[in-house]
Amino acid sequence: MARISNLNSPGYSSRGHGNSPPPAEARLVEIGATLTVRQLADLLQISAVEVIKQLMRNGIMANINQVISYETAAAVATELNYKVCPKPKADRKSATALSEFRKSQRQQDSTTKGLKPRPPIVTIMGHVNHGKTRLLDAIRQTNVMATEAGSITQHIGAYQVEVNGQRVTFLDTPGHEAFTAMRARGAQVTDIVILVVAADDGVMPQTLEAIDHAKAAGVPIIVAINKIDKPGINPELVKQQLADAGLVAEDWGGDVICVPVSAKEKLGIHELLENLLLVAEMEELRVNPSLPGLGTVIEAKLDKTKGPLATVLVYEGRLKVGDIAAVGATWGRIKAMFNDVGKRVRKAEPATPVEILGLNQVPQVGDILKVVASEHQAQSLIQKQLTERPPELKPVNLSNLYDQISAGQVKELNIIIKADVQGSIEPIKNSLTSLGSVEIQVRIIRSGTGNITESDVMLAIASKGIIIGFGVDSEPGAQRLAEIEGVSIRSYKVIYDLISDVSDALKGMLAPTRVEVIEGQAEIRAVFGIGKKGSIAGVYVTEGKINRGASVRLQRGGKIIAESTVSSLRRFKDDVKEVSAGYECGVGIKDWNEFKVGDTLEFFRVELKQ
């Protein structure tokens with residue numbers, strides 16, 4: 001993708017990435033009476049983006065499939081140092097082929113009748129305090145940040161602006177969590193991601209997470225290197241960090257658009273928006289606005305006077321006042337709608353954010369809104385969603401992988417790798433990706449060192465992927481979230497076993513595996529001696545529950561120092577079978593008496609899973 005830039009700026013190139021530059025000595029090309037922008041780009045062996053840029057410089061706005069005349073095409077080719085001559089007229093055979101092509105095009109047009117271009121939906125992501133909201137503020141020419149507590153975005157905002165006569169919808173999110181929550185529920189509402197990276201701070205942990213989520217969603221990324229007005233900044237260092245994260249800038253030989261900007265001083269905003277429109281043009285975003293409305297909840301709240309309110313981004317069809325809509329686990333008839341500036345509207349077209357009034361309850365962020373014909377249909381749809389999990393949202397794990405491949409439900413296996421040391425990651429990645437085949441592609445969507453976290457699980461949920469740990473543990477919160485959402489976490493200590501399991505899973509030959517299920521945690525607050533029998537621990541159950549006979553680990557200073565089973569469990573003077581979170585009890589552990597105040601106990605069970 002070629003970046004629009006000032007012709008006098010350093011590093012400007014007139015070629016698209018991945019294509020040969022125009023020859024030093026002009027080469028002769030034959031151009032027909034008419035051809036499309038894409039055909040001209042192929043003929044000149046350059047990027048279609050570059051052709052569109054040249055047309056824009058000549059005052060012509062055209063998309064990639066638009067037909068242009070010989071004169072227009074010749075002007076572009078001449079500017080790029082080509083000699084041009086008219087293509088000889090086609091013979092009868094060629095004319096027949098052209099007729100057949102036009103016939104097929106008319107048939108294709110009939111199947112896409114009613115499709116119209118829609119505004120692109122753009123999500124702005126990046127590390128905290130890197131200038132996401134200030135950049136949107138500069139684009140909108142309004143003071144959004146003045147309404148945010150501490151100048152940090154506290155909720156999701158959706159705003160529609162006009163850029164060079166074209167509408168663009170922006171989602172301003174607090175990091176990538178909301179973006180992921182929507183994707184995890186099956187809502188692909190973002191067309192383009194603008195990744196904001198502060199030039200004085202560089203790539204940070206949340207920047208890397210945002211990159212992972214954008215890549216997993218398969219959407220184009222434009223990087224805005226912000227705060228270039230600050231003294232002593234080094235944009236090239238930022239590009240190096242981005243390259244290390246897999247985003248190679250165009251002037252470094254990659255295909256990622258990087259635009260230096262200053263949201264504070266409003267520098268580079270025009271160039272950023274021009275590139276944004278260009279990428280949107282390449283995406284060819286088209287929908288049928290006459291269909292019933294379909295959208296996603298991006299914000300929801302309970303208003304004391306109005307009742308349940310939901311901000312919905314309509315991405316297909318048309319939403320109107322009076323429509324009956326099913327939204328997640330609730331429904332209602334839309335009584336009123338308000339646009340992003342609070343103005344009352346009667347309808348919302350595709351890619352338009354609106355706040356709706358009329359739902360029976362407050363929906364969840366990420367819930368899908370569907371317009372239906374009647375109240376009965378709305379209630380039936382909700383009941384079906386509550387009782388049946390859609391097949392497309394069924395979690396992927398190594399046990400059911402072969403069945404899903406055979407059924408055609410899975411075309412790629414997304415894997416997140418967490419290892420104890422950096423040196424283990426590369427051989428694991430290389431070995432796993434080599435296991436791919438024609439039927440399924442193995443894709444590593446994140447790799448890193450350290451324990452498996454909730455962020456890893458969220459990415460796996462959104463991408464329908466699995467998590468593989470090598471020499472690391474799972475944080476308790478990550479383990480619980482994975483159990484709730486059905487995300488598969490596999491832990492290994494030997495690379496051979498890891499590769500063998502994935503290989504067997506792809507072939508449908510994977511044997512059952514032992515999986516630990518965390519049941520509860522407790523903190524030792526007192527130690528009581530019981531004569532010759534040793535001692536018991538007086539504990540407070542902080543999470544989950546304790547069962548008599550459960551497996552238990554004793555941790556001290558973050559290290560595991562003992563592993564056994566619960567031999568006794570008492571509340572006051574009574575023996576009990578289990579104790580839940582929020583209660584105190586006495587715990588005896590088989591063959592262990594060396595308790596200390598401050599130790600923690602983790603209770604678990606082991607299951608065999610296919």
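Reader: What makes K306 count as sitting over the ring of F338?

Author: In this predicted model, the charged end of K306 is 5.0 Å from the centre of the F338 ring. The cut-off for a charge over a ring is within 6 Å of the centre and within 35 degrees of the ring normal, so K306 is said to sit over F338.

Reader: And which residue lies over the face of F604?

Author: That one is R553, at 4.2 Å from the ring centre.

Reader: Let's turn to helices. Why are α12 and α15 called roughly parallel?

Author: Helix α12 (residues 422-433) and helix α15 (residues 495-507) pack at about 25 degrees, with axes 10 Å apart. Angles under 35 degrees count as roughly parallel, and therefore these two helices get that name. Their contact is made by I428, S431 and L432 of α12 with I495, L498, I499 and V502 of α15. By class, that gives six nonpolar residues, one polar and no charged. The crossing itself is right-handed.

Reader: Which residues of α7 and α13 meet?

Author: E209, D212, H213 and A216 in α7 meet S455, M458, L459 and S463 in α13. This contact divides into three nonpolar, three polar and two charged residues.

Terms used. Residues are numbered from 1 along each chain as its sequence is written. This is a predicted model: local features need pLDDT of at least 70, side-chain atom pairs count only at pLDDT 80 or more; totals for chains, interfaces and linings use all residues. Side-chain values use heavy atoms; hydrogens and water are left out. Axes are lines fitted to C-alpha atoms, for helices over the stretch in contact, and angles run from 0 to 180 degrees between N-to-C directions. Helices (H or I, at least four residues) and strands (E, at least two) are DSSP runs, numbered from the N terminus. Angles under 35 degrees count as roughly parallel, over 145 as roughly antiparallel, 65 to 115 as roughly perpendicular and the rest as oblique. A crossing is left-handed if the near helix is turned anticlockwise from the far one by less than a right angle, and right-handed if clockwise. Contact means heavy atoms within 4.5 Å. Ala, Val, Leu, Ile, Met, Phe, Trp, Tyr, Cys and Pro count as nonpolar, Asp, Glu, Lys and Arg as charged, and the others, Gly among them, as polar.
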